[in-house]
Amino acid sequence: MKFNRKDLLGMRELSREEIQLILDTAIPMKDVIKRDIKKVPTLRGKAMVTVFYENSTRTRTSFEIAGKYLSADTVNLAISSSSVQKGESLRDTIKTIEVMGFDLMVMRHSMSGTPQYVARNTSMSVINAGDGQHEHPTQALLDMYSIRESKGTLEGLKVAIVGDILHSRVARSNIYGLSKFGCEIRVVGPSTLIPPEVERMGVKAYYSMEQALRDVDVINVLRIQRERQEAGLFPSLDEYANMYMLSNRHLKYAKEDVLVLHPGPMNRGVEISSEVAEGSHSVINEQVTNGVAVRMALLFLMMGGSKDEIAG
Amino acid sequence: MRLLVKGGRVIDPDNDLDQIMDLLIEDGIISQIGIDIDQTGAEVIDARNMLVCPGFIDMHVHLREPGFEYKEDIVTGTRAAAVGGFTAVCCMPNTQPVVDSAPVVRFIREKAEKAGLVRVYPIGTISKGQAGQELSEVADLLAAGCVAISDDGKPVVKANVMRNALEYTKMFGIPVLSHCEDMELSQDGQMHEGYFSTIYGLKGIPAAAEELMVARDIRLAELTGGHIHICHLSTKDSLELVRQARARGVNVSCEVTPHHLTLSDEILGDYDSDAKVNPPLRSAEHIQALIEALQDGTIDCIATDHAPHHREAKDCEFQLAAMGISGLETAVAVIMDRLVQEGQLDVYDMVRLFSCGPADILGLDGGTLNIGARADLTIIDPAAVRKVEPEKFQSKGKNTPFKGQILTGWPYITIVNGKIVAREGSIV
Amino acid sequence: MGVRDKNTIMDEMAIKRALTRIAHEIIEKNKGVDNVVLIGIRRRGGPLAYRLAERIEAIEGINVPVGILDITLYRDDLTTLASQPLVHRTEVNFNINHKTIVLVDDVLYTGRTVRAAMDALMDLGRPKSIQLAVLVDRGHRELPIKADFIGKNVPTSKQENIAVLVQELDGDDKVIIQEIIGDS
């Protein structure tokens with residue numbers, strides 16, 4: 001199995017074998033993180049840049065440290081304070097970054113499809129670190145890594161994704177990734193936050209937590225944005241919390257060894273209760289470590305290797 | 001000055017004509033149609049295996065002038081029309097300033113006259129400043145040369161304004177061309193709402209955003225007895241509303257674009273903003289309904305909604321990209337290739353939809369091969385194979401989702417007033 | 001690019017004898033094995049390290065810790081490879097600080113693998129010393145590295161390949177010399 005992609009834009013395009021390779025490669029990477037000397041020389045002489053058009057300290061830091069553990073030079077571009085405000089076009093910004101000699105760009109953007117646009121217009125490798133409501137492939141990969149690490153397999157698991165499915169790139173990427181491993185995927189949330197024709201993605205949609213969580217192996221809780229309430233998609237955060245906040249009373253519907261995930265940052269008391277977040281089923285902190293490991297695996301697979309084949 | 005179009009398949013739906021014949025043009029007028037016309041002293045166009053049609057009319061284009069000459073101007077727009085096989089275009093009034101007064105109408109007509117290629121019929125605004133509040137001076141606009149009114153690009157939000165427009169235009173016998181969109185439902189929408197908007201994570205524009213306004217405008221036409229024309233109709237239920245209204249005797253007509261007939265929302269997966277358009281490309285189910293409606297006569301004409309944009313407006317983040325497709329230079333080839341050659345649309349119906357269809361809606365002098373009529377002709381080579389190369393467009397707008405496609409069936413010669421203005425993709 | 005087997009230079013018995021001898025040499029050189037650990041380089045260095053440990057235990061009655069080192073992340077040719085080699089885990093579940101490490105591999109050739117292995121070890125801790133044991137030394141060093149314990153010296157040309165087969169991975173114990181045919 002080889003990983004021959006210039007870019008990683010979404011889980012939809014990845015094959016099961018490619019996902020497996022990334023997850024397998026992340027295992028030794030996690031070992032590196034746990035050592036005293038958390039650095040290998042693998043990507044010495046390579047340069048990567050994180051370009052975030054939307055705030056996310058968590059994901060950006062994760063990519064940054066992943067690059068550093070592998071000895072790549074890592075630069076963060078704080079875009080809000082930079083050229084956008086001077087009215088520079090995205091194409092020009094990208095070109096400027098490219099000619100500085102970066103090998104890889106990690107991009108977060110609030111608008112769906114922007115990494116696709118960028119990837120088409122640059123010779124750098126592009127990793128999508130979340131685009132609008134479209135995809136967030138590295139989050140799905142770290143979720144899958146965490147599930148596989150705990151459950152031993154992904155095959156045939158029942159996974160419930162809870163919350164604002166409509167606006168969630170995490171949900172979409174998880175659905176694409178997990179369905180390649182034969183998981184039974186359920187989405188649950190208020191009907192205004194379930195996207196149109198979602199069942200054509202091969203998932204089952206629920207409005208009731210009790211029904212959705214019955215016998216599930218994994219619950220992935222999504223972050224709810226206050227602005228959705230302001231847009232009139234549900235009446236109040238209280239009502240949302242009453243119906244959809246994952247709390248201990250819900251866990252009894254699920255399997256006894258159910259795993260609880262959350263991509264962070266959490267709104268405690270809104271989409272997840274503190275008892276659950278800190279309880280024995282939660283792997284929320286482990287997810288963060290796994291995120292670094294998975295991103296190291298990706299950086300290694302995408303930035304190592306020459307562009308042209310060299311015999312022998 | 002004699003021009004003989006020899007041995008072509010002459011198709012004139014206005015006269016129920018479809019036969020291989022010769023057509024003679026003398027001094028800009030169609031003087032004779034028949035077999036073996038004497039060619040003495042005439043310039044001869046060998047039209048064997050060609051379709052000889054009444055000049056095509058595109059009743060919905062944006063020429064962008066005045067105000068947005070960086071997107072298109074009347075010269076480049078009419079050049080695009082000519083090579084696209086159109087002998088006449090109706091230009092929408094959402095320019096800068098908008099076409100809500102006679103001087104702007106005269107400006108456009110003078111510019112078009114000077115360009116000297118195809119006929120340009122301006123359309124005036126429904127409301128002053130296109131603001132949706134007070135009616136424009138319709139009589140004045142018509143006197144200056146407008147053929148209809150429209151606030152295209154913006155829907156008329158207020159029902160009473162639309163009611164008054166329909167009531168008022170009734171006495172002039174012109175249609176109100178309506179851009180049907182409920183802006184609250186379509187707000188921030190990037191593409192058709194459905195499975196693919198879910199997959200691509202783009203905010204959807206539900207079909208209902210169009211249908212609500214189609215229903216309202218039809219009801220207002222019914223109330224007033226005015227003529228409502230639905231611009232760029234794109235959904236299955238809009239068609240159903242038109243059918244039902246017609247059955248009740250409402251004066252309603254509608255147009256559909258080549259892109260809505262041939263491209264589905266699925267193609268937005270690579271976030272190519274050239275396919276971003278309003279109304280959005282719909283799902284396969286709607287496309288099928290549109291094609292059936294072409295066949296059964298529910299749709300009166302094909303119009304491009306030619307919406308040229310400059311590169312920067314498209315070469316950016318998908319969500320920030322402007323909506324619109326530069327359509328004049330591909331319309332005929334797309335319909336020929338995707339619908340006629342595929343057996344989805346009879347060639348005779350295609351000619352009707354491009355010629356007498358729009359002429360009848362607007363009461364234009366054209367769209368026919370009557371003896372004595374002005375010699376506006378579109379000659380099509382159904383066997384011509386060409387690739388869509390936007391960089392070679394006459395239009396300033398290179399924004400087409402058909403780029404790179406190889407299509408069969410292209411305009412061969414465009415004749416306006418008996419004069420050849422374009423031949424095989426080039427201005428003569 | 002293919003290879004053709006030329007001849008077998010070590011059979012099962014020869015390998016056994018060589019490992020036994022190396023085990024004795026390790027004990028002798030280090031005056032016992034109290035502070036010695038064995039670390040095999042993935043893949044074939046691993047089984048060889050375990051076998052050496054068995055022999056040392058048979059001789060000395062002491063169970064020497066064995067670890068496995070994956071050197072992929074330390075290779076110096078990563079940027080020249082078209083696609084990345086698989087990375088496996090390093091399994092060194094003991095502290096290597098102040099230990100005498102005997103690094104074990106099947107073939108010593110250019111020395112680049114051993115260079116990578118030493119770098120990898122340094123990132124795991126600070127050993128007292130590192131020694132090198134190989135089953136076959138085929139020459140052609142590109143770095144100033146030499147083995148402390150050698151099963152067999154085999155003069156080769158660069159057009160030849162040495163293939164070490166071990167029971168644990170290949171179902172057979174032998175060392176064969178192969179000719180590289182064709183070029184691509």
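Contact means that heavy atoms lie within 4.5 Å. The legends below use this term for a predicted model, in which local features need pLDDT of at least 70, side-chain atom pairs count only at pLDDT 80 or more, and totals for chains, interfaces and linings use all residues. Residues are numbered from 1 along each chain as its sequence is written, chains are lettered from A and ligands numbered from 1 in the order in which they are written, and side-chain values use heavy atoms, with hydrogens and water left out.

**View 1. Chain A meets chain C.** Here 24 residues of chain A are in contact with 20 residues of chain C. Two pairs of chains are in contact, and chains A and C share the most contacts. Chains B and C have no contact; their closest C-alpha atoms lie 26 Å apart. Buried area is the accessible area (1.4 Å probe) that two parts lose on being put together, summed over both. Between chain A and chain C this area is about 1,900 Å², and carbon and sulfur atoms give 63% of it. On the chain A side, Pro28(A), Arg35(A) and Phe300(A) lose the most area to chain C, together 22% of what that side buries.

**View 2. Charged pairs across the interface of chains A and C.** A salt bridge is a side-chain nitrogen of Lys or Arg within 4 Å of a carboxyl oxygen of Asp or Glu. The rule finds two salt bridges across this interface. One of them can be seen between Arg89(C) and Asp31(A), at 2.9 Å from N to O. Helices (H or I, at least four residues) and strands (E, at least two) are DSSP runs, numbered from the N terminus. In chain A, the elements that give two or more residues to the side touching chain C are α1 (16-34) and α12 (284-303). Helix α1(A) gives the most, with seven residues. By class, that side of chain A has twelve nonpolar residues (Ala, Val, Leu, Ile, Met, Phe, Trp, Tyr, Cys and Pro), six charged ones (Asp, Glu, Lys and Arg) and six polar ones (the others, Gly among them).

**View 3. A salt bridge between two helices of chain A.** Which residue pairs with Lys34(A) in a salt bridge at 3.9 Å? The partner is Glu286(A). This pair links distant parts of the chain: Lys34(A) is in helix α1, Glu286(A) is in helix α12, and they are 252 residues apart. Relative accessible area sorts residues as buried (under 20%), exposed (over 50%) or partly exposed in between (1.4 Å probe, protein chains only). Lys34(A) is exposed at 57%. Glu286(A) is partly exposed at 29%.

**View 4. Two salt bridges in chain B.** Side chains of opposite charge can pair when their charged atoms come close. Arg9(B) and Asp18(B) meet at 2.9 Å, N to O. Arg9(B) is partly exposed at 30%, and Asp18(B) is partly exposed at 34%. In the other salt bridge, the closest N and O atoms of Glu167(B) and Lys170(B) are 3.6 Å apart. These two residues are separated by about one helical turn because they are three residues apart in helix α4 (residues 159-170). Glu167(B) is partly exposed at 31%, and Lys170(B) is partly exposed at 43%.
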